[in-house]
Amino acid sequence: MRYGFFDDASMEYVIERPDTPLPWINYLGTNGFFRLISNTCGGYCFYKDAKLLRITRYRYNNVPYDNNGHYFYIKEGDSVWNPGWQPVKAPLDFYECRHGLGYSRFTGEKDGLQAQVLCFVPKEDPCQIQKVTLTNRSGYKKDFQLFSYVEWCLWNADDDSRNFQRNLSTGEVEIEGSAIYHKTEYRERRNHYAFYSVNAPVAHFDTSRDAFLGVYQGPDAPKAVLAGELTDSVASGWYPIAAHQLDLSLEPGESKTFIFVLGYAENPQEEKWEAPNVINKTKARKLL
């Protein structure tokens, strides 16, 4: 059975159906920031050390395979789908993943709405860029919602998966405009934080996994996405995430592009705060 082919002209491996025998992964990164990304947008990112400075959470040896990633959800009416197929796994009218040298590009289309996601890590900046382009290829106006979702790892990937008595009381976030900051243990013993932002105003956000997914639901059927509205939750302990909601309209033939930035920053001890209990966001703002 054929799943893809090498495109020699563009130096890309092209995957034409998402249900590959195992996740087919591209490795993105340069000086310090790295992203492992599968053909269905699964994977994680880290800064320099995949164990001690893990930024987003991934679940190994899980069922189904390739569980957790950096996902986008599109909701149009009662239809919910992902440009990279996972985790909802709704049938798509068109799917393609192109793994290139230093980038991965996804194209998904359903009911006349096309979503393209270009993911790469800049050469000099500690961040991942996701360029999301939405195009109305139908003959009528489309009203829909775009949701982003990542789950923060509590930095130490080994400890994150087992020390629940401690970990479930440490998660902490800040929200500033469209940027969500992951500052777990920053006050107590760390000089670094992570952030996830989009270059547009958001209708709503979530930073609590239970609020976004629901206690008894998973990424394949997130409660807040199915409801069509995030809850503006602010995580305190438990499971911090970052999720954005954009309410959008496209006329026939119209396209809109959004830039999502997921990054990492460190501050010297004497420059950790810009106000009491407010992290110094100067380095993050330069990337946004």
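**Salt bridges and their partners**

Author: Glu-176 is partly exposed, with a relative accessible area of 33% (buried means under 20%, exposed over 50%, partly exposed in between, with a 1.4 Å probe and protein chains only). This is a predicted model, in which local features need pLDDT of at least 70 and side-chain atom pairs count only at pLDDT 80 or more, while totals for chains, interfaces and linings use all residues. Residues are numbered from 1 along each chain as its sequence is written, and side-chain values use heavy atoms, with hydrogens and water left out.

Arg-285 is also partly exposed, at 34%. Its side chain meets that of Glu-176 in a salt bridge, 3.0 Å from N to O (a side-chain nitrogen of Lys or Arg within 4 Å of a carboxyl oxygen of Asp or Glu). The two residues are 109 apart: Arg-285 sits in helix H5 (residues 282–287) and Glu-176 in strand E14 (residues 173–176) (helices, H or I, of at least four residues and strands, E, of at least two are DSSP runs, numbered from the N terminus). Through shared partners, salt bridges join both into one network that includes Glu-172, Lys-183 and Glu-274.

The whole structure holds 22 salt bridges. In one of them, Glu-151 pairs with Arg-57, with 2.6 Å between the closest N and O atoms. Glu-151 belongs to strand E13 (residues 142–155), Arg-57 to the loop between strands E6 (54–56) and E7 (71–76), 94 residues apart. Both are buried, Glu-151 at 1% relative accessible area. Glu-151 also forms a salt bridge with Arg-59, at 3.1 Å from N to O. Arg-59 lies in the loop between E6 and E7, so this pair ties together parts 92 residues apart in sequence. Arg-59 is partly exposed, at 26%.
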